[in-house]
Amino acid sequence: MKRTAVAAASLLLLPLTACGGTAAAGGDGSTVTVTVGYQSKTINTVTAGTLLRSLGAFEKELDALHDGHTYKVDWQDYATGAPITAQMTAGKIDIGSMGDFPLLINAARGKQLNRPTRLVSVTGYNLRGGLNTIVTARDSTIGSLAGLKGRKVSTSIGSAADGTLIRALQRAGIDPDKGIQKLNQQPAVGASALSAGSADALSQFVAWPGLLTYQGKAKALYDGAELNLPTFHGVTAREDFAQKRPAVLEAFLRAQAEATDYLGAHPVSAAEKVAEATGLPAEVVYLYNGAHGISTFDPAIKPRLISALKQDVTILKAAKLTGDVDVDAFVDDKYVRKALAATYAQHLATRPPAAAGEVWPKGAQQTRTFKSPAQLLSYVAEHKGAIRAAYVPDATTGTLWFADKAVWVTDGGRLLPFVAPATAKAYVAGHSGAHAITYADALRRAS
C-alpha cells in the first residue's frame, strides 16, 4: 500500500522521528507508518515480504495491538539488498530482508554511519548453499568451472551469489579477482547479458538461475550446494526502531511466523500467490519454496547459520567491501524469541525435510511425492501432457532441480539426477559402469 499522505499542518505540530516509523496526528491517537523494504523476486524472503504482504498478516497483527495508534505499512520493493541498506541507514526503512552477505554489509554500514541495525530473524535458508547457482547460456560449451578462466562472469558484487562465485573459483584453483572478468550487474541486467552473449556465465541467487533454466535460456554449471556451506536470507531492523517500537517489531515477527506456517501448509497456493505478485512462473517459485524445495523456511536464528555468517566476513573483507563485523553484536534474537514464545526451542530444532522428488500435475492444488527418481520418471512417462512440472533432488547435494533440465546418469539400473554436469561427471568417474544418458533415455528406461 502507498504511504499515507499527512497534512502539512500536522507535520508542523508533530516532530518527525527517524525511529519507529513516521508518526502523524490522527483522530483519537496518532498514525504510525512502518516502512518495510523487501525483494519480491528474491523468493526465499517471501515470508517477510511478498507472501506476507499478500496475506495481510502484518496489518492484522498491527490492528490487534490496540495501543492507541493507527498503523499503516509502506511496502517498498527492491531488486537487491543494497538499496534497502541505504534506506535503512538514512532512517527511511524500519525493517528489511536480504541475503547473508548483504546482511553483513548492512551491519557494517549501520555501525559506520551510527545507524546500527540488528538481525532479528531468518527467512529462507539452505544448509549446503543451494540457493546460489552459476549458470551458462543454453548452448554454451563450458562444462566446468575451469572453463570460466579468462571469461566474463556476471554477478552482483557483495551478494551471496558473489560469495558463491568467489569460493567456487578458489576451490577450482582460479583467482576470483584475476582469473575471470567479473561484471558487477543487477540480476536482470546479468540475465540479459547472458542471453545476449556479452557474459559467458551468471552467478546469481534465487530465483534467477531457476528462472533462466526453466525458460530454456540457461543451464546449470555449478550447484552452490557443492560448497556445503549454509546460505540464508534474514530480517534486519534498525536498532532505534526496535527499541522505540518493540511491540511493532514483534508483531512483524509473529506475522512472519504466520506466513511461514501458511507456506508449509499450503505450498502450492503460496507459490501461486507469489507468482501472481511477482510475475514469476509458479513452477519456478515452487522449485525453491515448495514442500521439498531448495529453501527451508524458519524464522529462528539457528547457531549453524550464524557460524556461516562469521565465515562470510572473511570473503567480504578480502573484497574490501567491509572491515571487521561483530556478528555476535549484530544478531539479536530476543524479539523473535518473544514473538514465538514457547515454540522457539522447537523452531531451533527444526531440520529441512528429507530430499524427495515431486510432480505437479496440471490443475492440481497439491503435488505428488516420489521416493525415487525412477518412480517419478515412470509417473511422468505415463502422464505425458498432464504434468505442470517435475522436480528431482541432485543425487549428491540434494538440491532440487527440474527433471527435464537435470543431467541424468544410469548406474546399475538406477537413474540418478544431477544439477550440474561436473557433479555428474565426478559421480561417473567414481562408479564403474555408470554413464550419462539423456532425459529422454531416462524416461524410456523408467517406463
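Me: Which residue in E10 is the bridge partner of Ala137?

Reply: Ala218 is the partner. The model is predicted: local features need pLDDT of at least 70, side-chain atom pairs count only at pLDDT 80 or more, and totals for chains, interfaces and linings use all residues. Residues are numbered from 1 along each chain as its sequence is written, and side-chain values use heavy atoms, with hydrogens and water left out.

Me: What makes E6 and E10 a pair?

Reply: Strands are DSSP runs of E with at least two residues, helices runs of H or I with at least four, both numbered from the N terminus. Two strands pair if DSSP finds at least two bridges between them. Strand E6 (residues 132-137) and E10 have five, in the antiparallel sense, so they pair.

Me: Why are E8 and E10 called edge strands?

Reply: The open sheet has five strands in the order E8-E7-E9-E6-E10, with mixed pairing. E8 (181-184) and E10 (218-223) each have a single partner strand, so one side of each has no neighbour in the sheet. The twist averages 30° from one strand to the next; such angles run from 0 to 180 degrees between N-to-C directions, with axes fitted to C-alpha atoms, for helices over the stretch in contact.

Me: How do you know that E17 and E19 pair?

Reply: Three bridges join E17 (residues 407-411) to E19, running antiparallel. The cut-off is at least two, so the two strands pair. Val409 stands opposite Ala436 in E19. Helix H17 (residues 373-382) packs on this sheet, touching E17 and E18 (contact means heavy atoms within 4.5 Å), and makes about 90° with E18.

Me: Why is the set of residues that includes Val34 and Phe58 called a nonpolar core?

Reply: A nonpolar core is a set of buried Ala, Val, Leu, Ile, Met, Phe, Trp, Tyr and Cys residues joined through side-chain atoms within 4.5 Å. Buried means under 20% relative accessible area, exposed over 50%, partly exposed in between (1.4 Å probe, protein chains only). Val34 and Phe58 are among those with the most contacts inside the largest core, of 98 residues. Helix H10 (residues 246-265) gives the most to this core, nine residues.

Me: What makes Gly293 a lining residue of the largest pocket?

Reply: Lining residues have an atom within 4 Å of a point of the pocket, an open set on a 1 Å grid over the protein atoms alone, with protein on both sides within 12 Å along at least five of seven lines. Gly293 is one of the 34 lining residues, and among those nearest the centre. H10 gives the most to the lining, four residues.

Methods:
On a 1 Å grid over the protein atoms alone, a cavity is a set of points where a 1.4 Å probe fits but cannot get out, and a pocket is an open set with protein on both sides within 12 Å along at least five of seven lines; lining residues have an atom within 4 Å of a point.
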